[in-house]
Each structure stands twice: as C-alpha cells, then as structure tokens.
Amino acid sequence: AYYQRGLLWLEVGRLKEASADFNKAESLGLESALMTNIQAKAMKYYEEGTAAIKQNDFAKARKALDNAVTLRPRYADAWFAQAQTWEKQGNYKKAVELYGRALQANDKYHEGYYARGMARLRLNETEDALRDFGTAVDLEPTYIDGVKGRGNAYIAMKKHPEAKEDLTKAINLALPLLAQAQKEKKEDKNKIQTFKNQLAELYSLLAYARLLSGEGSAAQADLKKAFDYSENYSDAYRYRGLAHQQEGDHKKANGDFDEAIKRDARNYPAYRDRAVSHIALGRFGDAMNDLNLVVRADSQGVASDALLVRGIANARQRKYNEAIQDMQSFERKFPKAADARYYTELGMVRLDMGNAAEAVKQLENALKLDNTYAPAQYALACTYAQQSQWENALAWLETAFKSGRISRDQVKADEDRYLRGLKDNKDHRRKYESLKKSYLK
C-alpha cells in the first residue's frame, strides 16, 4: 500500500511524500519483485538525468535525478550526479551539500570525496578539501585523481614540498598505466592518449609547484615533459607563460597564454594571466577586454580573482572608484580568497586616493595573514614615506628588500610617486641609497 501510494505521489510531483512512503515500504519488508521494480525505475531516471547533464540541460537533469533519489534515497550515484548539475553552474556550496548526501549513502565512495574536495577548493575551503582528498586516497591508495587533488590543495595552502611529493607520486602511479597500454597487443590509441594527457596535466602541475618554490629550471624541465606527452594540453602553455611572467618577460608570457587559449577557448585562468601581463606592458585596453570576458563568461569561478585583477587594472589607470568597486565585489563573492595580495592591492588604492590611514589599516590586514609578504611590507614603506614617517619607511624598506622579492626596476618605477621624499631628504638619503645598493637586483 505504501509502495502504491508512493507511485501516485511521484506522478503528481509530491516528492517528499513519495520518498516517505517508499522508505516506509522498504522498512516493512517490500517484496523483492517490487524492490527490483523501484531500482529499475530509479535507474531509468538516473540515466535520463545523466543524459541531460551531457546536453547541459540542468533543469531537466535535476527533475529526473530528484525522482531517482525519491525512489531510492540511498542512491549514491544519483546524488553525485545531482551535485554535478550545481557544480557545473558554479554553485559550489550546493554541490558540496549534495556530494555529502552521496557520501551519506555510501561512505566508501572515493570519487565522491574527490569531487567534494574539488568543490571545496573552489570555495577556498582548503583544509576541508585536503581532508576529502586524504580520505579518497585512504580508501583507494592508487587513486591518481585523489593524489593529484591533494597536491592541488597543498599548492593552494602554499605547502609546496608536500604538493611536489604528491604530484610526483601521482606521476609514478600514471607512468606504468601508460606503459601497460602501450604493450597491449591490440593497441587502443584513445586509451594511450588519455594516459598521455593525464601525464601532461600532472607534469604541468608539478612544474607549477616548482615555479612557486622558485625552482625555475626544474619547472621548465617538467614542462618539457608535459609537452612531450601532449602538445595540445592548454595549461602546459599557461604554466610556461607564468614562468616567463615570473622572469619579467611579459611578451613571451603572452605568446604562451595565446597558445593556451588557442587550444582551449574556455581556459579562463589563461585570459586572466594574459591580462596581468597586458597590465605590466601598459596595454590596459587589452587587459580589460580579457578580464571583462572572464567576469562575464566564467560561471564556474575557475579564475575567481578576475575581479581583483580588473580592480588592479582600473587602479593602474587611476580609475580608483571602479577599482574599489571591483575589489570589494571580489571580497563579497569570494570572502575566503581575500588574502595578503588582496589587502595589499586595496591598501595601495587607498594610498593613491590620499587616504594613508586606511591604506595602513589594509596593509596591516595583509601582514596579519602573511607577515612575510614582501609586497605588503614594501607598500607599507611607501605609505609611511608619503606621511614623512622616515624611520618607519626605512625600516619597512629594509625588511622588504631583504626578502629578495622586490626588484630594482620596481623601486625605480615607484620612486617619483611614493619615495621621492626619501631620495630628496638629506638626513635619510644615504640610508635609502645604501639599502638599494645592498639588497636590490
């Protein structure tokens, strides 16, 4: 009776009532034939839902998958697919919730932990993401995506040695799979290329971790391996572009970002990175074109800091109100991504607007998050110099210069605007020039 009434509720779209009746029927010991019928109906709805996902018809997919989990509340794959419909539209909070429902239905579902970890990374919930990736690997130690995901989490947490260790482990898991596929009598070219693409991704990520660790030559060697496995992997070009960007060669960087976008027109981080180089080259129109495209089209928030970078571009053009608007929009949309870089850039905009007290406040916020962040230290020195607080300015300049992350060219570019007082002040000029000579390259 409960089963029959549940079917009627399902037909009229009363999913909550249908679910309650099916659960009751199952708890009372539903006949095996009827249970098989429920499972078959649920699978049909699941297949309809996954087919709709492939067509990007998420409303249709959700309706079908709602029916599937109503019939079978512990249908982990259906909950997983339901989560994917939200993740593909950039609603990571809802995706995390629904991946959780999948894991309640099956707590051994290692792909579910990986998927929830990736969604949490998008939300900058790095500690939770790391735990999910760790659980996925604990359940399946040879799960390459889980190990790769954990490496990504470590990169986000700036734990580069751990990231390199995990990404190297993932590569060592993937290499034998490629070798085995190449040895098979009936060669499957698609299978082989899938493994090569996977290795191209892993070597590119390892190169990025090395790049962030200051290991430029090792990063280039890993990128060469990535290109050896696949010349069409978009992110390999993006990471090589970032290496050129780090070296200050923005023209070469943009050449690689162009290649990345040519291979994947939806590689929104590459547009964002190209905009950064455009800004450095003074090509603000090109930068704004790239950033406007990302802000408009990146519904999944893959390049989540595009609003921040657009704010920086506006600030460089002295459009300070627009800069503040973009930066504050970024913080509202991605509150957990508001890091030392964000507060430093916001502080510099406040300084340029003539509000030194607010600039100091924001720069102190940056240093609370990362007291070794050289750009914040340097910006604080500039702010104190603008206030004629010479001793404070020199102390912060020395701290920033000692880090080795502030260049002579950067100081030369900023000198007239922020540091002219130190250069012209006869009581402090000698100390200022000595700091530059001792530490700047």
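## Helix H5

Helix H5 is mostly covered, since nine of its 12 residues are buried, where buried means under 20% relative accessible area, exposed over 50% and partly exposed in between (1.4 Å probe, protein chains only). Those buried residues are Ala76, Ala78, Trp79, Phe80, Ala81, Gln82, Ala83, Thr85 and Glu87. Helices here are DSSP runs of H or I with at least four residues, numbered from the N terminus. At 1.5 Å a residue, the 12 residues of H5 (residues 76-87) should span 16 Å, and the end C-alpha atoms are 16 Å apart, which agrees; the expected span is 1.5 Å times one less than the number of residues.

This is a predicted model, in which local features need pLDDT of at least 70 and side-chain atom pairs count only at pLDDT 80 or more, while totals for chains, interfaces and linings use all residues. Residues are numbered from 1 along each chain as its sequence is written, and side-chain values use heavy atoms, with hydrogens and water left out.

## Aromatic pairs

Rings of Phe, Tyr and Trp (its six-membered ring) pair if their centres lie within 6.5 Å, with planes under 30 degrees apart counted as stacked, over 60 as edge-to-face and the rest as tilted. By this rule there are 12 aromatic pairs. In one of them, the rings of Tyr114 and Tyr143 have centres 5.9 Å apart and planes at 80°, so the pair is edge-to-face. This pair links distant parts of the chain, 29 residues apart, with Tyr114 in helix H7 (residues 110-122) and Tyr143 in the loop between helix H8 (126-139) and helix H9 (144-156). Tyr114 counts as buried at 14% relative accessibility, and Tyr143 is likewise buried, with a relative accessible area of 13%.

Phe330 and Phe334 form a tilted pair, 6.1 Å centre to centre with 45° between the planes, and both Phe330 and Phe334 are buried.

## Charges over rings

A charge sits over a ring if NZ of Lys or CZ of Arg is within 6 Å of the ring centre and within 35 degrees of the ring normal. Arg62 lies over the face of Trp86, at 3.6 Å from the ring centre, and the charged end of Arg72 sits over the ring of Tyr75, 4.4 Å from its centre.

## Pocket and cavity

On a 1 Å grid over the protein atoms alone, a cavity is a set of points where a 1.4 Å probe fits but cannot get out, whereas a pocket is an open set with protein on both sides within 12 Å along at least five of seven lines; lining residues have an atom within 4 Å of a point. Grid points are joined across faces, edges and corners, and a volume is the space filled by probe spheres set on the points.

The second largest pocket holds about 290 Å³ of space and is lined by 16 residues, of which Lys93, Arg122, Leu123, Lys333 and Phe334 lie nearest its centre. Its lining divides into five nonpolar, six polar and five charged residues, with Ala, Val, Leu, Ile, Met, Phe, Trp, Tyr, Cys and Pro counted as nonpolar, Asp, Glu, Lys and Arg as charged, and the others, Gly among them, as polar. There is one cavity of 30 Å³ or more; the largest cavity has a volume of about 90 Å³, and Lys333 and Phe334 are among the residues that line it.

Conventions:
Helix = DSSP H or I, 4+ residues; strand = E, 2+ residues; numbered from the N terminus.
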